[in-house]
Amino acid sequence: MIEIGIKTIGFFIAVFSFSMLINSPKKYLIWAGISGAAAGFIYMICMEAGWNAVISSFWSALAAGLISHIFARALKAPVTIFLIGGILPTVPGNGIYQIMNYVLQNDRSMASFYLTQTLEIAGAIALAIFLMDTLFKVVRKGEWKQDSLRYIQKGERKEEEKW
């Protein structure tokens, strides 16, 4: 369990640093790091439970989507600031490396295996993000509504802005 805690701290540092690298606003760096650390923690817990990488990535991306939407609404910021960092621990970078490694070694069966697994993981991440976005759009009956990069209260729009 200590190993999972150390890796979670590593995920936080990695996502925090990556968010700095892509010039995220400084006031959201810690929150993006928390999003990535939580998603990485969920991924590791799922892997420890014996689930495969595709299912673990799905649950991790689902958690990242949920956390990102909660942070976006609480901090009145775009979801993508937290979502990009949140899915970073589950992106199949090793799978992409292994594909190229086995292609260069002319081992087609292993390259096919890693290609299939990488595409499955990417699809699981995309599906989880889509499901969480859809859930928040369906449930979005509250007082606040996102309008581009800022939040407005319902009825605040001017009449000439409506179509």
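Reader: Which residues does His69 touch, not counting residues up to four places away in sequence?

Author: This is a predicted model: local features need pLDDT of at least 70, side-chain atom pairs count only at pLDDT 80 or more, and totals for chains, interfaces and linings use all residues. Residues are numbered from 1 along each chain as its sequence is written, and side-chain values use heavy atoms, with hydrogens and water left out. Contact means heavy atoms within 4.5 Å. Not counting residues up to four places away in sequence, His69 touches Val79, Met132, Asp133 and Phe136.

Reader: Is His69 buried or exposed?

Author: His69 lies in helix α3. Buried means under 20% relative accessible area, exposed over 50%, and partly exposed in between, with a 1.4 Å probe and protein chains only. Because its relative accessibility is 5%, His69 counts as buried.

Reader: In what order do the elements of the protein run from the N terminus on?

Author: Helices (H or I, at least four residues) and strands (E, at least two) are DSSP runs, numbered from the N terminus. The protein has six helices and two strands. From the N terminus on, the order is α-α-α-α-α-α-β-β.

Reader: What share of the residues of the protein counts as buried?

Author: The protein has 163 residues. Among contacts between residues at least 6 apart in sequence, 59% join residues at least 24 apart. The share of residues that count as buried is 39%.

Reader: How far does α3 reach from its first C-alpha to its last?

Author: The expected span of a helix is 1.5 Å times one less than its number of residues. With 23 residues, α3 is expected to span 33 Å, and its reach is close to that. From its first C-alpha to its last, α3 reaches 32 Å.

Reader: How far apart are the end C-alpha atoms of α6?

Author: At 1.5 Å a residue, the 32 residues of α6 should span 46 Å. The distance in the model agrees with this, so the end C-alpha atoms are apart by 46 Å.

Reader: Against which helices do the buried residues of α6 pack?

Author: The buried residues of α6 include Tyr114, Ile121, Ile125, Ile129, Met132 and Phe136. One of these, Ile125, is in contact with Ile87. The buried residues of α6 pack against α3, α4 and α5.

Reader: Which residues of α4 are buried?

Author: α4 is mostly covered, with seven of its nine residues buried. Among them is Ile87, which is in contact with Ala61, Ala64, Ile125 and Ile129 once neighbours within four places in sequence are left aside. The buried residues of α4 are Val79, Ile81, Phe82, Leu83, Gly85, Gly86 and Ile87.

Reader: What is the phi of Lys76?

Author: Most residues other than glycine have a negative phi. Lys76 is found in the loop between α3 and α4, and it is partly exposed, with a relative accessible area of 44%. Its phi is positive although the residue is not glycine, near 55°.

Reader: What is the relative accessible area of Asn23?

Author: Asn23 is found in the loop between α1 (2–21) and α2. Its phi is positive too, near 60°. Asn23 is exposed, because its relative accessible area is 68%.

Reader: What distance separates the C-alpha atoms of Gln98 and Thr118?

Author: Gln98 is found in helix α5 and is buried, with a relative accessible area of 14%. Thr118 is one of the buried residues of α6. Gln98 and Thr118 are 20 residues apart along the chain, and their C-alpha atoms are separated by 9.7 Å.
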